[in-house]
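Morning, everyone. I have one structure to walk through today. Please take a look at it on the screen.

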Amino acid sequence: MVEVTPGAQPASRWPIDGIPIEEGIPVEEVFRSQGVRPVGSLRELAHPELWDSDEDYENFLADLYASRHSDIG
């Protein structure tokens, strides 16, 4: 969480997770320094244990479908 107060440091100097952000450092360099890498396969994102039951999974999908098809106007 970042707290904004009068006289605070410019946004480009705020730390993220305790790591100070320096101006002019490419995003790719920041990713490398944190060990972040691209996803090579969708299988890497699969977590079968994510849902406690098939019913929880079906409820999630139903809610997702409803939210995407609701009239927000």
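I will go from the overall picture to the aromatic rings, then the salt bridges, then the surface patches.

First, the ground rules. This is a predicted model, so local features need pLDDT of at least 70, side-chain atom pairs count only at pLDDT 80 or more, and totals for chains, interfaces and linings use all residues. Residues are numbered from 1 along each chain as its sequence is written, and side-chain values use heavy atoms, with hydrogens and water left out.

Now the overall picture. The protein has two helices and zero strands. Helices here are DSSP runs of H or I with at least four residues, strands are E runs with at least two, and both are numbered from the N terminus. Helix α1 covers 27–33, and α2 covers 54–68.

How much of the protein counts as buried? Of its 73 residues, 0%. Buried means under 20% relative accessible area, exposed means over 50%, and partly exposed is in between, with a 1.4 Å probe and protein chains only. The accessible surface comes to about 7,100 Å². Carbon and sulfur atoms account for 57% of that surface. Areas come from the Shrake-Rupley method with a 1.4 Å probe, and for residues only the protein chains shown count as cover.

Next, the aromatic rings. Rings of Phe, Tyr and Trp (its six-membered ring) pair if their centres lie within 6.5 Å; planes under 30 degrees apart are stacked, over 60 edge-to-face, and the rest tilted. By this rule there are two aromatic pairs. W51 and Y57 make a tilted pair, 5.8 Å centre to centre, with 55 degrees between the planes. W51 also pairs with F60, again tilted, at 4.8 Å centre to centre and 35 degrees between the planes. Y57 is partly exposed at 38%, and F60 is partly exposed at 37%.

On to charges. The structure holds two salt bridges. The rule is a side-chain nitrogen of Lys or Arg within 4 Å of a carboxyl oxygen of Asp or Glu. One joins E29 and R32, at 3.3 Å from N to O. Where do they sit relative to each other? E29 and R32 are three residues apart in helix α1, so about one helical turn separates them. E29 is partly exposed at 39%, while R32 is exposed at 58%.

R37 and E44 form a salt bridge too, at 3.1 Å from N to O. R37 is exposed at 57% relative accessibility. E44 is partly exposed at 37%.

Last, the patches. Patch residues have over 30% relative accessible area and no salt bridge; like charges are joined within 9 Å, and nonpolar side chains (Val, Leu, Ile, Met, Phe, Trp, Tyr) within 5 Å. Lys and Arg count as positive, Asp and Glu as negative, with His and the chain ends not counted. A charge is placed at NZ of Lys, CZ of Arg, CG of Asp or CD of Glu.

Which residues form the negative patch? D52, D54, E55, D56 and E58. D52 lies in the loop between α1 and α2. D52 is exposed, at 74% relative accessible area.

The nonpolar patch consists of I25, V27, V30, F31 and V36. Together they have about 390 Å² of accessible area. I25 is in the segment before α1, and I25 is partly exposed at 39%.
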